[in-house]
Amino acid sequence: MKFIIQLIISTLAVLISSYLLPGVSIEGNSFVTALIVAAVLAFLNTVVKTHYDCAYYPVTILSFGLFLLVINALMILLAARLVEGFHVNGFWWALLFSFILSIVTSVLDGVKKT
């Protein structure tokens with residue numbers, strides 16, 4: 001049940017973030033497409049990102065963790081290639097989307113706890 005609630009929160013965060021950024025779009029503001037994007041991002045963060053984190057650990061330390069933002073942007077670009085109807089107009093939009101998505105998810109998690 002916890003996973004489903006977190007997936008719904010992530011889906012809402014994807015919809016809100018894509019609405020706020022003109023360089024990121026979900027065709028028709030579809031809840032189903034946003035749900036698929038949230039699920040794909042969860043999968044990519046679980047499987048692929050852990051390998052990137054381990055491989056680029058020294059770079060992450062030297063950049064004081066800022067390189068993790070680059071890894072997140074790459075995961076979002078990969079999700080955009082995998083999910084039909086989800087479009088990101090380049091690396092900088094993916095980076096900004098990653099940042100906004102984190103903030104919106106944190107706010108929604110905070111609302112969930114109250």
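**Phe97 and the aromatic pairs**

Okay, let's start with phenylalanine 97: skipping neighbours within four places in sequence, it is in contact (heavy atoms within 4.5 Å) with Val14, Ser17, Ser18, Leu21, Val24, Ile76 and Phe86. Quick caveat: this is a predicted model, where local features need pLDDT of at least 70 and side-chain atom pairs count only at pLDDT 80 or more, while totals for chains, interfaces and linings use all residues. Residues are numbered from 1 along each chain as its sequence is written, and side-chain values use heavy atoms, with hydrogens and water left out.

So, is Phe97 buried or exposed? Buried, at 0% relative accessible area; that term means under 20%, exposed is over 50%, and partly exposed is in between, with a 1.4 Å probe and protein chains only.

On to aromatic pairs, of which the structure holds two. Rings of Phe, Tyr and Trp (its six-membered ring) pair if their centres lie within 6.5 Å; planes under 30 degrees apart are stacked, over 60 edge-to-face, the rest tilted. Phe86 and Phe97 have ring centres 5.8 Å apart and planes at 55°, so they're tilted. This pair links distant parts of the chain, with Phe86 in strand 2 and Phe97 in helix 5, eleven residues apart. Helices here are DSSP runs (H or I, at least four residues), as are strands (E, at least two), numbered from the N terminus. Phe86 is buried too, at 1%.

The other pair is Phe91 with Trp92, edge-to-face, 5.2 Å centre to centre and 75° between planes. Phe91 is partly exposed at 27%, and Trp92 is exposed at 66%.
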